[in-house]
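Here are my notes for someone opening this one up for the first time. Have a look at the chains and how they meet, then read on.

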Amino acid sequence: MSHWVKYDPSRGTLDPDGDGRSWQGPAGRGRAAMRGLLIFLLPLASMFALVISAYMMRRHVGDWQPIPLPWQVWLSTVLLVGSSIAFEVARRAAALGHIHDIRRGLLGTGVLAVAFLGSQLWAWFHLQEQGYYLAANPANSFFYLMSGLHGLHLIAGLVAWSKTRSALTGGADVASVQLYVQLCAIYWHFLLVVWLLLFGVLFWVS
Amino acid sequence: MVLAIILTIIVIGSVAFHLLTPWTLTELGSNWQSMDAMLHISFAITGVVFVAVTLFMVLAIVRYRHRPGRKAQYSPDSRRLELWLLGLTTVGIVALLAPGLVYYYDFTRTPDDAMRVEVVGEQWRFAFRYPGESGQLGRTSIEHVTSDNPLGLDPGDPASQDDIVIPAGGDLHLPVDQPVELVMRARDVIHSFFVPEFRAKMDMVPGMVTSFWFTPTRTGTFEALCAQHCGVGHYNMSATVNVMEREAFEDWLGEQQTFGEHLAALGDRDEDDEVSWGRELATSEGCMACHSDDGSRDVGPTWLNLYGREVTLEDDSTVVADEEYIRRSITDPRAQLTKGYPPAMPAYDFDDDELDALVAYIRSLQDDENNNPDAPDTNAER
Amino acid sequence: MVTVASADAHEHHEPQSFITKYVWSQDHKVIAIQYSLTAIAVGLVALVLSGLMRIQLGFPDSGLVDASSYYQFMTLHGMIMVIYLLTALFLGGFGNYLIPLMVGARDMVFPYLNMLSYWFYLVSVLVLMASFFVPDGPTGAGWTLYPPQAITGGTPGADWGILTMLLSLAIFIVAATMGSLNYVTTVLQARTKGMTLMRMPLTVWGIFVASIMALLAFPALFVAAVMMMLDATMGTSFFMPAIIAMGQQLPHEGGSPLLFQHLFWFFGHPEVYIVALPAFGLVSDLISTHARKNIFGYHMMVWAIVIIGGLSFFVWAHHMYVSGMNLSFGFFFAISTLVIAVPTAIKVYNWILTLWKGDIHLTVPMLYAIGFVVTFVVGGLTGLFLGNVIVDIPLADTYFVVAHFHMVMGVAPILVVFGGIHHWFPKVTGRMMNDTLGRLHFWITFLGTYVIFFPMHYLGVLGMPRRYFDYDYEFIPQSALDLNTFITIVALVVAAAQILFLYNMIWSAFRGRPSGGNPWGATSLEWQTPQTPPGHGNWGPAVPEVHRWAYDYNVPGASADFVPQTEPQRGPSQGHGHGPEQPGEKGHS
């Protein structure tokens, strides 16, 4: 620790980009970020898979009363699909470098995603009005838990989305914008798949 | 070199300890010789591996420790040697696993002639139930649980009328050489029923019924204990198991009140006898798990001589333990916490009659000395 | 996403002030030290707690702790040691320090995320410590936190204690996920030229696989924690059946306590290997370096790590043989559990075969490594008892289990930690740790823990249940209680002896003998840095290039007894000294 504390940076020049082979630089960073994102999807997939298996185990107990899915959930699903399509549009536009289309695609994504969250909240309120409270039945608890966990991850996605947008409006270089859009799009599609799975489980296996 | 010597001592010491240890299996009291046999086989096989591995290391250290000029051999791997070791290990594993699974199969098959006895765990005692003449255990539900029906038998189920309930605190009686299937429930948290001499154990899980079987093979009394952490009184949770000759068991069983008789007797209860009702409540609701009635210190303060005494509270103020104080301590235990005790007690919501009964019971717990008004403990500060 | 996107805003730059350099640092080496010191500090708390527990067990009449505190100390001791000490130290400490250095990277690929990981970890530790000060104190539910017990009144800390514990765990999981994400991506993405996967030191392999397991296993604990929080606060019934606790019927119905156990052990069993695999990796490198001999059967070692990591997701219910789950599961889990013993045994064989015909320097790290092998063999073999379902039934929840897991995942990894600190201390500080103190500490710790835990198995065979505050039973003879007293005395001595290690570490950091860059004559990249301790960016102007595996010790024909990984091969005609991935490398003579 002594050396560590007395460490003198002037003893060597340390240019992290001094070597083309290391991971730094836009291209290297992009690959790392892409791989990092894919690896990050592992724990997320694990988490949602475990929630689904808990659902499967728990529903065999006698007190299970299937929850009637409110119609708003169908609306949400359509909105989320739309949001994902919009992101795909933005991603392709980004690959081609069409800044204007990226902007439009991103805007559509954001609006639809927020609408999705609103629709989910609407579904929650609807259920509350009908007396399907969180603790009233395990099927209800699982519905709120699954949609809640999914919604929280989408909100986190929206934070990344807003960063992407500000990069776009702030005039970041094309490579960065392409990278951000691509990363966000993958995450968006992932969340769509997760939602479709959760929805399918809630709809068919109840 | 010191290392080699000490490792050798460890090997010899461990083997010697194993052979000479006074701490070993209790005398078997059930049919599970197979568990003991597998334990010994496991000790033998793993013991050989332990000795071989450690002595090989000792040999390596002695022969190949650093000396000036010594050069290590460069040998990245040896497929042949590795495959040999792989094969030998697999053989050892199979030797442990195969008989183990065969014996385990017995454990999973309850014999048809097994006698069913129910064990119910609650913090921090065991209660038992025999199926009675019908041979069937009556239905139960947690909603039926009251202080008079601690196991929650359904009074409407005919099968429950002849059930024999041994309330918490009672002993489990079993006939010798009779296969027994213990059917297990828990009222509050997970417990486990474990008699070391019987070897087998199983958790009792609230919300479900678990079971396991064994045959007691010798008469005598055994200690049953809880093996699954169940709260602050876990270490105190135990019961006595009394394995008897068949005739003695039948006699004993014949003397017990059935659930139907118990319900009938309740109708005749003298409601004025608050003290005995209070005692029943204190037992059935688990108060006695933390409060003693003989002056000994437990999780909570003793009830002996509590009534009328001056109690020092956590903030060093004092209060006389009168009826109001006791009622409040039950319904809102943390309001006036006795100094030196943990705030472990949950709030109970008894109705007024029950509280009266409890207070009457606590009031009755006075030993002779303290009935003397001059006793220093009670009156010194008045 | 967020952190990925923001990582670019923090390019590498020279640290400017003490604050940016040592507090809000993004340098993996600084973060590693932050992680390690925090983990050691919280580990000391757990050590003190174990001492208090042992005093109660050895001297039940002392009245030092009451039953509530005993269970609280027990819970916190277990939780801290497993998660906040060992997991954090191996992944956050050793992983952070060694991965970039060993694979030839300038830093982790996401330095900002790495920094966040540490701060989340610190917050989780602080929340955990805060549970000592909430009303009723920390939870006393045991580290397994089984419901309903964890959230009903009969358990200490069932209100605030359990909630702070769950919150702290959730934060820790976020930290561990951010960290593991970094370690995995760095290994996959930032290896320097020539550093193929099959040239990586086993330390990196162990931490790499453990990180992947952490990514997959921790979500189970997270889900379980969220569900339990909802059960405790919102009245849901994920795990809570209808029960009457402390005389009151609770508003739950139908929940399954076994569901929690499945989730918990789906995390809990891999967690054992999340601690063990890095230890396996580190100890392989310690043995190879100090025996001056290549690790025996490198390929087998790598595959064993990968196979153990994979299999460990299919053995969880061997913790639940007597939990009341369907008994027929016992067959499957007994088989899968004992199968995992095969690759584990291979690792042990390869360690001792590495010693064979080596040039064994009995340095302090080597002593710890050998101590580890002995302890791990005992702990691993007793695992065969508990994995074999018929033997487990009588032994479950007795002191046999306590002895087993303390040997296999308590003492054994801790010995590796000590060995690893002695080994890499010169790289971190530029100074050697004191040899005499190190040996003294090794002997007390190794022999002491052996004497503590070996006899404990026999208390379990006798039938003494674990998690008991007091043993007042007739089947337990007085001699067993006397043995408990003896164990307590030894345990207190061993605990006190840890001061030697702390003192050694602090003293040596300032007064130790300067070590130079490569005091052990080791081959792997971290010893080839231009500066010791390595500077910011690790490698000076150019990152190193790797030409061989990490185990070229005593290569025939080489002048020194080790050949660094950066040393180019000497030409195609000379097969010796090639990494094992080269064709025709079967260099055993």
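1. A quick term to begin with: a nonpolar patch here is made of residues with over 30% relative accessible area and no salt bridge, with nonpolar side chains joined within 5 Å. Also keep in mind that this is a predicted model.

2. With that in hand, go to chain A. Trp71(A), Trp74(A), Leu75(A), Trp122(A), Phe203(A) and Trp204(A) make up such a patch on the surface, and together they have about 730 Å² of accessible area. Two helices of chain A, α3 (72-96) and α6 (174-204), each give at least two residues to the patch. Trp71(A) sits in the loop between α2 (26-58) and α3.

3. Now for who touches whom. Two pairs of chains are in contact, and chains B and C share the most contacts. Chain A and chain B, on the other hand, don't touch: their nearest C-alpha atoms are 10 Å apart.

4. Chain B puts in 105 residues and chain C 125 residues. Between them the two chains bury about 10,200 Å², with 69% of that on carbon and sulfur atoms. On the chain B side, Trp23(B), Tyr74(B) and Tyr235(B) lose the most area to chain C, together 9% of what that side buries. How many salt bridges cross the interface of chain B and chain C? The rule finds zero.

5. Last, some charge on chain B. Asp177(B), Glu245(B), Glu247(B), Asp251(B) and Glu255(B) come together as a negative patch on the surface. One of them, Asp251(B), belongs to helix α5 (residues 246-255) of chain B.

Notes: Residues are numbered from 1 along each chain as its sequence is written. Chains are lettered from A and ligands numbered from 1 in the order in which they are written. This is a predicted model: local features need pLDDT of at least 70, side-chain atom pairs count only at pLDDT 80 or more; totals for chains, interfaces and linings use all residues. Side-chain values use heavy atoms; hydrogens and water are left out. Patches are made of residues with over 30% relative accessible area and no salt bridge: like charges are joined within 9 Å, nonpolar side chains (Val, Leu, Ile, Met, Phe, Trp, Tyr) within 5 Å. Accessible areas come from the Shrake-Rupley method with a 1.4 Å probe; for residues, only the protein chains shown count as cover. A salt bridge is a side-chain nitrogen of Lys or Arg within 4 Å of a carboxyl oxygen of Asp or Glu. Lys and Arg count as positive and Asp and Glu as negative; His and the chain ends are not counted. The place of a charge is taken as NZ of Lys, CZ of Arg, CG of Asp or CD of Glu. Helices (H or I, at least four residues) and strands (E, at least two) are DSSP runs, numbered from the N terminus. Contact means heavy atoms within 4.5 Å. Buried area is the accessible area (1.4 Å probe) that two parts lose on being put together, summed over both.
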